[in-house]
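Visitor: I am new to this entry and would like a short tour. Could you show it to me before I start asking?

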Amino acid sequence: MTRRRTFLRQLGASALLLGLDPTRLLQARSIEHPARPMSGERFSGGHMLSTWNHGIVSNEEGWRQMRNGGNALDAVVEGTAVVESDPTGTSVGLGGRPDREGKVTLDACVMGPDGDAGGVCFLEDIEHPVRVARKVMETTPHVLLAGTGARDFALAHGFTPRNLLTEDSRRAWEAWKQSAEYKPIINVENHDTIGMLAQDHDGRLAGACTTSGLAYKLRGRVGDSPIIGAGLFVDDEVGACTATGLGEAVMKTLGSFLVVELIRQGRTPQAACEEAVDRIMRKMPVADLQVGYLAMDTAGNAGACAIHPGFNYARTVAGTTELVDAPSRA
Ligand code: SD4
C-alpha cells in the first residue's frame, strides 16, 4: 500500500473517532489537479475552445498560430482578432452594434499562463481591442485601461483609429431609436462575444475575450468581458474559463473565477460550468437572461453550460474542429 493510501486510511479512522463523516474528509484530501498532458499526438496541435459558431474561424487561426510556433497566448489573441475584423459579427469589433448614442465601444481582456492579465474597456475607434489588451499586459504595470486613456494608449502603440460603425449597424441603430426599447433578446443581439481558451503543445494555458457588449447599452456601460475573473479567468495550474451572455449576471457571481476555483476543488469543467450557471439561477430571475460558460482543465477536458438552449462552441483538438451544442439548465 502506498504512503498516500495509508495516510488516507488513517485519516478516515481518525475522522470516525472524532465523529466526522470520513467520506467528506477523504474527498477533501483526495483532490489532485488534473495532470498536464505531455506532448503526444492528442495535444500535438493544442486544444482550443471558442464561444459560438465564429469560434470555428478563431480556432482555425489559433491552430495556424500554433503550427507556426506560436504559443497559447498567440493563438487566443490572433484567433479572436479574426472575429474582431468581421463586419458581419454584431457584437465584436468592426460591425459591433453601438450604444444608445450610436457609438461602438469595446471591451476585451487576455490572460496568460504566468497569471498575467491585461484589458481595455469602453474603448472606441480601435479594431483590435484584444491586441491592445495584450499590450497593456505586456508593457504596463496595470491590468485595465478605460475609455480615452485606453484609446490614447492604443494610438501611442501604433494602432490606427478606424470608424467601427458599419452602415448596417448605423441603420439598425436608427431603426432601434424608433422605439428605443432596451431589452436584450436572448441569443440574438447579444450572442457574438468571442471568448477563447487554448492550451499549447507545452501544456500552457491562455485565454482572451472580446466584445462590443450589449447592443444599445447606456453610454459608459462596461460588461463582464474585460473583467478578469468575470468574463475570463486562467490559472495555468488548474484550468481556464470564459463567459458569454448578459455580463451583469456574470459580474455579480464572478463566474469565470468561480468555474476555475470549482475545478481546483476537484470538479470537472462540465460540473463546474453547471454549478456556475445554477448559481446565477439561484440568485436572479433568468427568464430573459442568457449566460453561457466554457471551460477547460489542464488535462484537456472541456465543459460548457448555459442557462437556456442555444449556446454552442467550437472545440479543436489536434487540428480537428467540431461545433458542440452546450447543455442548458432552465
Ligand atoms: C457583455 N458578456 O457585454 C457581454 C456580451 C456577450 O455574447 O457576451 N455577448 O455583457
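Visitor: Which residues touch the most other members in the largest nonpolar core?

Guide: This is a predicted model. In its largest nonpolar core, which has 46 residues, the ones that touch the most other members are Val 259, Ile 280, Leu 289, Val 291 and Tyr 293.

Visitor: Take Val 291, then. What does Val 291 touch, leaving out residues up to four places away in sequence?

Guide: On that count, Val 291 touches Thr 244, Gly 245, Leu 246, Ala 249 and Val 250, among others. The list also includes Ile 280, Cys 305, Ala 306 and Ile 307.

Visitor: Moving to the strands, how many bridges join β9 to β10?

Guide: There are five bridges between β9, residues 291–297, and β10, and the two strands run antiparallel. Within this pairing, Tyr 293 stands opposite Cys 305 of β10.

Visitor: And what do β9 and β10 form?

Guide: They form a hairpin, with four residues between the strands. Gly 300 lies in the turn and has a positive phi of about 90 degrees.

Visitor: How many residues of β10 are buried?

Guide: Four of the five residues in β10, which spans 302–306, are buried, and the strand is mostly covered.

Visitor: Now the ligand. Which residues are closest?

Guide: The ligand is surrounded by 15 residues, and the closest are Thr 193, Arg 221, Asp 224, Thr 244 and Gly 245.

Visitor: What lies 2.7 Å from an oxygen atom of the ligand?

Guide: That is an N or O atom in the side chain of Thr 193. In the side chain of Asp 224, an N or O atom is 2.6 Å from a nitrogen atom of the ligand. For Gly 245, a polar backbone atom is 2.7 Å from a ligand nitrogen atom.

Visitor: How much of the ligand's accessible area does the protein cover?

Guide: The protein covers 100% of the 290 Å² that the ligand has on its own.

Visitor: Last topic, the whole protein. How many helices and strands does it have?

Guide: The protein has ten helices and twelve strands. It comprises 330 residues, of which 54% count as buried.

Visitor: And what share of the contacts joins residues at least 24 apart?

Guide: Among contacts between residues at least 6 apart in sequence, the share is 66%. As for the surface, the protein exposes about 14200 Å², and carbon and sulfur atoms supply 51% of that area.

Notes
Residues numbered from 1 in each chain as written. Predicted model: local features only at pLDDT ≥ 70, side-chain atom pairs only at ≥ 80, totals over all residues. Heavy atoms only, no water. Core = buried A, V, L, I, M, F, W, Y, C linked by side-chain atoms within 4.5 Å. Buried < 20%, exposed > 50% of the residue type's maximum accessible area, 1.4 Å probe, protein only. Contact = heavy atoms within 4.5 Å. Pairing = 2+ DSSP bridges. Near = heavy atom within 4 Å. Polar contact = N/O pair within 3.5 Å; in protein donor to acceptor, adjacent residues only side chain to side chain. Areas by Shrake-Rupley, 256 points an atom, 1.4 Å probe, with all protein chains shown as cover.
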